[in-house]
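The sequence and model come next.

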Amino acid sequence: DECYLADLGHGLRFAAIGVAPERRGALEATYGHLLLANGMPIGYGGFTALFAQVNTGINVFPEYRGSEAAFAFEQALRAMHALTGNLRFIVNPYQFGAGNDEALASGAYWFYYRLGFRSARPEVRALAESEFARLRAEHGYRVPIATLRRLAASDIHLDLSDDAADRFFDEAWLPQLAAGITTAIAREGVADRAEALNRLSQRIAGVLGVGLSRWSALERKGFARFAPVLAQIDDLASWSKAERDALARIVRARWAQQEREFVALISGHERLRRALGMAAMK
């Protein structure tokens, strides 16, 4: 129900495949992707959209590294941006070396660096600048594996706008929100998890002004997944009606056959992004 095939020119195509509604989590919209050149698969990966950012990466098959691989991934990023409207791309350290010897040996960090990605941590970014300058100045110089491991100590970002960092959702907050789900359920004070989720759903639905009886069975089940996340927002009841109505639309869109509407809606709800960040840092 949600597959996209983008013709990027020069025989290059990008395929993106969504996730069935019943297999989705509450917040991140996940897609798998495949790159094809003249009909032949040359690489694969995935991307997850979360608010105004996309976490991604690619594994180009060894036979196709070099050559047009950078151009191909650049065009894949363009397709991801068209699908999500994101302001920032994020690549996690495994993609370029953390616990990944193949990525270290291939110098994957520089693949991303040449496309404009930069390390999130200032000290790692400074090391990368120093090593890249040496690569350009000294013909034949190869960055030691030990140094590449140091470069794989943090995420790398590619910002598409000057204010991308202002709308950043730290992925380190996700485990904190996950832990908060257990706490929210426990606070309902009943031993049966299903009953606790039902009570929590009814309470959050009341705050949002949602009539769950008018929702489909899948949407109600999805609301129960989302409710323990929203329960961590202390001031939810004080939000304006417009903000709460927009949040209700986001939760319902999460379980539609296609995720694109959810991606667009959640990326525009700044109060939700800030509130979840605050909840994660409590």
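## Overview

The protein chain carries 11 helices and 8 strands. Helices (H or I, at least four residues) and strands (E, at least two) are DSSP runs, numbered from the N terminus. The C-alpha trace spans about 65 × 40 × 35 Å along its principal axes. Of the 282 residues in the chain, 47% are buried. Here buried means under 20% relative accessible area, exposed over 50%, and partly exposed in between, with a 1.4 Å probe and protein chains only.

This is a predicted model: local features need pLDDT of at least 70, side-chain atom pairs count only at pLDDT 80 or more, and totals for chains, interfaces and linings use all residues. Residues are numbered from 1 along each chain as its sequence is written, and side-chain values use heavy atoms, with hydrogens and water left out.

## The sheet

Strands of a sheet pair through backbone hydrogen bonds, either parallel or antiparallel. In this report, two strands pair if DSSP finds at least two bridges between them. The chain has an open sheet of 8 strands with mixed pairing, in the order β1-β2-β3-β4-β5-β6-β8-β7. β1 (3-9) and β7 (118-119) stand at the edges. Each has a single partner strand, so one side of each is left without a neighbour in the sheet.

Strand β2 (residues 12-17) runs antiparallel to β3, joined by 6 bridges. L12 has A37 of β3 as its bridge partner. β3 (residues 29-37) also pairs with β4, again antiparallel, over 9 bridges. Facing pairs there include L35 with G43 and H33 with G45. β5 and β6 run parallel, with 3 bridges between them. N55 stands opposite I90 in β6.

## A strand covered on both faces

In a regular strand the side chains alternate between the two faces of the sheet. Which residues of β6 (residues 88-91) are buried on each side? R88 and I90 are buried on one side, F89 and V91 on the other.

## Positive phi in two loops

Most residues other than glycine have a negative phi, and most peptide bonds are trans. H10 has a positive phi of about 60° although it is not a glycine. H10 lies in the loop between β1 and β2. H10 is exposed, at 72% relative accessible area.

N38 is another non-glycine residue with a positive phi, about 55°. N38 sits in the loop between β3 and β4. The hairpin of these strands has 2 residues between them. N38 is exposed too, with a relative accessible area of 67%.

## Helix α6

Helix α6 (residues 173-186) has 14 residues. From first C-alpha to last it reaches 20 Å, close to the 20 Å expected at 1.5 Å a residue. That expected span is 1.5 Å times one less than the number of residues.

Buried or exposed: how do the residues of α6 divide? W173, L174, L177, G180, A184 and I185 are buried. They cover an arc of only 135° around the axis, which puts them on the same side of α6. The arc is that of the directions from the helix axis to the C-beta atoms. T182 and A186 are exposed on the other side. An α-helix has 3.6 residues a turn, so residues three or four places apart point the same way.

## The largest pocket

Rolling a probe the size of a water molecule over the atoms shows where empty space is left. On a 1 Å grid over the protein atoms alone, a pocket is an open set of points where a 1.4 Å probe fits, with protein on both sides within 12 Å along at least five of seven lines; lining residues have an atom within 4 Å of a point. Grid points are joined across faces, edges and corners, and a volume is the space filled by probe spheres set on the points.

The largest pocket has a volume of about 560 Å³. Its lining counts 25 residues, and I58, V60, R65, S106 and A108 lie nearest the centre. β4 (40-50), β5 (53-60), α1 (69-84), α2 (101-105) and α3 (108-113) each supply at least two lining residues. The lining has 12 nonpolar, 10 polar and 3 charged residues. Ala, Val, Leu, Ile, Met, Phe, Trp, Tyr, Cys and Pro count as nonpolar, Asp, Glu, Lys and Arg as charged, and the others, Gly among them, as polar.

## The second largest pocket

The second largest pocket has a volume of about 230 Å³. Its lining includes L104, S106, W110, R114, Y141 and L148. α2 and α5 (145-151) are the elements that give two or more residues to this lining. By class, the lining has 8 nonpolar, 2 polar and 2 charged residues.
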